[in-house]
Amino acid sequence: GQSTLWSRVPGGEATTVLETPGSIRSVTLADNGDQIAFLHAPPAPSDEDAENGDRSWSVHHWSLSSGGEPRLVAAAGTQGIPSGWSVSENQSPSFSDDGSRVFFGTVPPATPPAELSELESQVDVEIWHWLDAQLMTVQNVRVNQERRRSYQAVAHLEDGGRVVQLAHLDLPSVQVPHGGTASVGIARDTERYGIESSWESPNFTDVWLVDVGTGERTLIMERTQGNPSLSPDAAYLT
C-alpha cells in the first residue's frame, strides 16, 4: 500500500515529509522536535513474504531545517554495517539527547533451519547437557527473544551519516550512557560464566568499553560482579 508521513509545527500547516509505496514504521522525534527518524520497507513481493517478515528495511532521517526529501541513513550494504547484515525491524530508531546521532538495530543473516529426517520429525525430545550455559527451561523462554534480537549500530549525523556497528554476535549488548552522547559505550559479556549463573548472583561478567566513533573495543574488567557506570565526561568508570 501507500504510506504518507507528515510534519506539523505549532500553528502551521502539515508538511508532507514522505509519500511512498511500502511501509513506514517506528517514527521517532528528536527531543527538540526538529528531526525525524523512521524505518521504511518497499512493498512486499507477495502476501506470503509480508506475513513472514521478508522485507528489506532501511533507516531514514529528516530535519526541519534542511527540509526536502528524507535521506537514507542505513540499509543492507551500507558502509559500516557488517557484510550480509540488514536493518532490524524489531528496534525503533532513537536519537541521542543532543540530536547528533541516530541509534538503530541490525541483524545477521538468518540461519536456515536444519532439515530433519523422518525419524527426527516424529520425536519430541529436548536434550540438555550439564555444561550448557543455560538450563533448558531458560533456553525455551529465550528462544523467541533470540529470534528478535537486534544489534546496536549508530549513525553520526554530523559526520555525513557515517555508520558504526557497536554490538556484534560475540558482544551483543552495548549501552551508550548519558542519553547516547558519551564517547564510549559499555558492554557486558556474561557468556563464559553462563554455567555459574545457575548458582551465582549477581552473575560474573566481563566489561568492555566500545568506542562510539570507531567501534573499537577494549576489555577493562574481567569476572566482576559489579555494575560499572561512566562519569559525565566519559573520563572515569566507577
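Which side chain meets Arg162 in a salt bridge? In this predicted model, the partner of Arg162 is Asp159, with 2.6 Å from N to O. Arg162 is partly exposed, at 34% relative accessibility, and Asp159 is also classed as partly exposed, at 42%. Side chains of opposite charge can pair when their charged atoms come close.

The structure contains three salt bridges. Another joins Arg25 to Glu89, where the closest N and O atoms are 2.6 Å apart. This pair connects distant parts of the chain, since Arg25 belongs to strand β3 and Glu89 to the loop between β7 (86–87) and β8 (94–95), 64 residues apart. Arg25 has a relative accessible area of 35% and is therefore partly exposed; Glu89, at 23%, is partly exposed as well. A further bridge is formed by Arg217 and Asp170, with 3.0 Å between the closest N and O atoms. Here too distant parts of the chain are linked: Arg217 lies in strand β15 and Asp170 in the loop between β11 and β12 (174–175), 47 residues apart. Relative accessibility is 27% for Arg217, which counts as partly exposed, and 48% for Asp170, which is likewise partly exposed.

The largest nonpolar core has 36 residues, of which Val59, Ala74, Val87, Phe104 and Leu166 touch the most other members. Two or more residues each come from β4, β6 (71–74), β9 (101–107), β10 (151–156), β11 (162–165), β13 (184–189) and β14 (205–211). The greatest contribution is that of β10, which supplies four residues.

Two patches were identified on the surface. A nonpolar patch consists of Val123, Val125 and Ile127, which together have about 320 Å² of accessible area. Val125 sits in the loop between α2 (118–122) and α3 (136–147). Because its relative accessibility is 56%, above the 50% limit, Val125 counts as exposed. A patch of negative charge is made up of Asp31, Asp97, Asp98 and Glu158.

Most residues other than glycine have a negative phi. Ser26, in strand β3, has a positive phi near 55°. Ala234 is not a glycine either, yet its phi is positive, at about 60°. Ala234 is located in the segment after β15 (217–224) and is partly exposed, with a relative accessible area of 22%.

Terms used:
Residues are numbered from 1 along each chain as its sequence is written. This is a predicted model: local features need pLDDT of at least 70, side-chain atom pairs count only at pLDDT 80 or more; totals for chains, interfaces and linings use all residues. Side-chain values use heavy atoms; hydrogens and water are left out. Patches are made of residues with over 30% relative accessible area and no salt bridge: like charges are joined within 9 Å, nonpolar side chains (Val, Leu, Ile, Met, Phe, Trp, Tyr) within 5 Å. Accessible areas come from the Shrake-Rupley method with a 1.4 Å probe; for residues, only the protein chains shown count as cover. A salt bridge is a side-chain nitrogen of Lys or Arg within 4 Å of a carboxyl oxygen of Asp or Glu. Lys and Arg count as positive and Asp and Glu as negative; His and the chain ends are not counted. The place of a charge is taken as NZ of Lys, CZ of Arg, CG of Asp or CD of Glu. Buried means under 20% relative accessible area, exposed over 50%, partly exposed in between (1.4 Å probe, protein chains only). A nonpolar core is a set of buried Ala, Val, Leu, Ile, Met, Phe, Trp, Tyr and Cys residues joined through side-chain atoms within 4.5 Å.
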